[in-house]
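User: I'd like a close look at one loop and whatever ties in with the helices around it. Could you walk me through it?

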Amino acid sequence: MSDALPLPIQLVWLIPIYGFSGMLLSMPWATGWIKRNGPRPAAYLNLLVTLLAVAHGSLIIREILSLGPQHLDIAWFRAADLDLRIGFDLSITNLAALELVTFMSLVGQFFALGYLDKEWSLARFYALVGFFEGAMAGVVLSSNLFMSYFLLEMLTLSTYLLVGFWYAQPLVVTAARDAFLTKRVGDVLLLMGLVALSAWAGSTEFTDLYTWAAAPEGGGSLGPLAGTLLGLGLIAGPMGKCAQFPMHLWLDEAMEGPNPASILRNSVVVTCGALVLLKLMPLLRLSPLAVTVLLVVGTISALGGALVAIAQVDLKRAFSYSTSSYLGLVFIAIALQQPFVALLLLFSHAMAKALLFMSVGSVIATTNCQDLTELGGLGSRMPATTSAYLMAAAGLTGVLPLGCFWCFGLMVETLGRLAPLFAAVVLLTNALTVLNLVRVYRQVFLDTSHPKTRRAPEVNWLMALPMVSLSVIVGLMPLIMMRLVPVPGIASFSPLTATLVLGSGAIGLGAGCLIRLDKFWSRSVLKPLRTVQDLLAYDFYTDRIYRATIVTFVASLASLTNAFDRVVVNGFVNRIGSASMASAESLKLGVSGQLQTYLLTVLLAIVLLFGSLSWLHG
């Protein structure tokens, strides 16, 4: 590390530590060591250290703008020829992602003060969020694939703990277990790719990996099979983190956790997974099949997630599927080597989706209900929540002049030249997302009042303040986007493209306004329509397909191995034991109890032994 660098840059390693220190500071209250007061001090301490992380990141951005990108190495273990180092890449893109992570953690923690104000396990929640924040901050700054993998594993663990926060409920325990195991599948495959890559390239630093991949004697020397397996392993981890098909069900299960955790999970956690994939993008050229898989997975996730979302009656699940849908568009952009478009969409989606889940959390906190069929008429009773929902919906779709309009315009313009089919996927996804947002808005805010919403008040200021603040930032997102990545300009697309984006949104708006809303969301009496409703509502029966295929196969294999162990292994061991017992029974008859007989036997054995050795020596 150079001593000539400004002090904020030299201390960049402190930023992930801020989150982990918040976890440690919360432990006295989370473990019950301090019982004389409530858990609020733990929340305040976490807010303080997160605010320090935001301020420290801002100082580093100011220095990097004047000095240019920097790379820092910190040696943390040396023994013989082993030299392990922690690297930090300080570019504008990474630092913008860092500020996104720390700021959204700050906003989510502030929101949680109001949402979980009666929760006596509040200190445990803030300890887990601190763990969450530290891991995410490390992921976006890491210059090393091994360290990125290690921190992604920490994210998997923190997801399990946060989803299972209310562990007394059986459904929550099941959801946490399913989310953990689903993400572990991608993590294990990523670990396989990491081990192979480190053996071939001799390093796990991203810059060294890029050099190795571009060299003819490096990545160019890999055979087609090796390159394909390596590429598939490397994309599996981000697929799991970003809830992409076929590992998308965990995000739906994770909605059983507290809403403030869902705010972070649907905005910045999936963004961290996509950023790791962006860092791996130069290596994907080694495997054309991996690129094709990314395109297929992204397309299925984008369209499938948007379609499934419009059939959900659970308020949180209606928008968790749209997270998978938007990350599918990001995967398409990465597969087609359009990193700047992917980055812009990631940042725009993260801000708008966090605001959307804040408005959803406000509705749930006020009504204690997240069933769309029991909500309605909240628009006049909750003006701040309604405004936040509308701003989030506008920022999330192709509404001029907010963030995603420019992202979709750039995507359609770029993909229209490279792959027109995927440009159509972007437009169709936008239309379906608008339809879903309008459907939920009509049902929750414009429909007639229901028993659970007739006396619903606006949320307290601890929840309203972060919503209003984030609404302003979502409105200013186009100005922020102009400084994020070196693009020719976020408006560098034709009027025809702008018309297509606005037109797709208008089609979704019209469909959302015309669709019939049933108070009880009854199934249609028409069998074809009812079949389609069930198909979308149950996520194309993905869980049943898994149960009938993968789960059945694993269960059958387990039964087979259990039978082999019980019949063959145990049978063999039992037969040896029975033979030993039978020989012991026969030998015991030769025990006389006479000491002179035993001594004679020992002497004869010794004589025979020495006689044998002498004969062999001669």
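Where is Gln-337 found?

Analyst: Gln-337 is found in the loop between helix 13 and helix 14. (Helices here are DSSP runs of H or I with at least four residues, strands are E runs of at least two, and both are numbered from the N terminus.) Before going further: this is a predicted model, where local features need pLDDT of at least 70 and side-chain atom pairs count only at pLDDT 80 or more, while totals for chains, interfaces and linings use all residues. Residues are numbered from 1 along each chain as its sequence is written, and side-chain values use heavy atoms, leaving out hydrogens and water.

Gln-337 has a phi near 60°, a positive value in a residue other than glycine. With 26% relative accessibility, Gln-337 counts as partly exposed (under 20% is buried, over 50% exposed, partly exposed in between, with a 1.4 Å probe and protein chains only). Asn-368, in the loop between helix 14 and helix 15, also has a positive phi, near 55°. Asn-368 is exposed, at 68% relative accessible area.

Now for helix 14 itself, and the space inside the model. There's one cavity of 30 Å³ or more, and the largest cavity holds about 40 Å³. Its lining includes Leu-315, Phe-319, Ser-359, Val-360 and Val-363; helix 14 (339-367) and helix 17 (420-446) are the elements that give two or more residues to that lining. By class, the cavity lining has eight nonpolar residues, one polar and no charged.

Helix 7, helix 10 (249-253), helix 13 (317-335) and helix 22 (542-587) each supply at least two lining residues, with helix 22 giving the largest share, eight. The pocket lining has 15 nonpolar, four polar and eight charged residues. (On a 1 Å grid over the protein atoms alone, a cavity is a set of points where a 1.4 Å probe fits but can't get out; a pocket is an open set with protein on both sides within 12 Å along at least five of seven lines; lining residues have an atom within 4 Å of a point.) Volumes are the space filled by probe spheres set on those points, which are joined across faces, edges and corners. For the classes, Ala, Val, Leu, Ile, Met, Phe, Trp, Tyr, Cys and Pro are nonpolar, Asp, Glu, Lys and Arg charged, and the others, Gly among them, polar.

A couple of charge-over-ring contacts are worth a look. The charged end of Lys-353 sits over the Tyr-326 ring, 5.9 Å from its centre, and the charged end of Lys-183 sits over the Trp-250 ring, 4.3 Å from its centre. (That takes NZ of Lys or CZ of Arg within 6 Å of the ring centre and within 35 degrees of the ring normal.)

The loops hold some cis bonds too. Phe-245 to Pro-246 is a cis peptide bond with omega near 5°, and Pro-246 is found in the loop between helix 9 (224-241) and helix 10. Leu-400 and Pro-401 are also joined by a cis peptide bond, omega about 5°; Pro-401 is found in the loop between helix 15 (383-396) and helix 16 (403-418).
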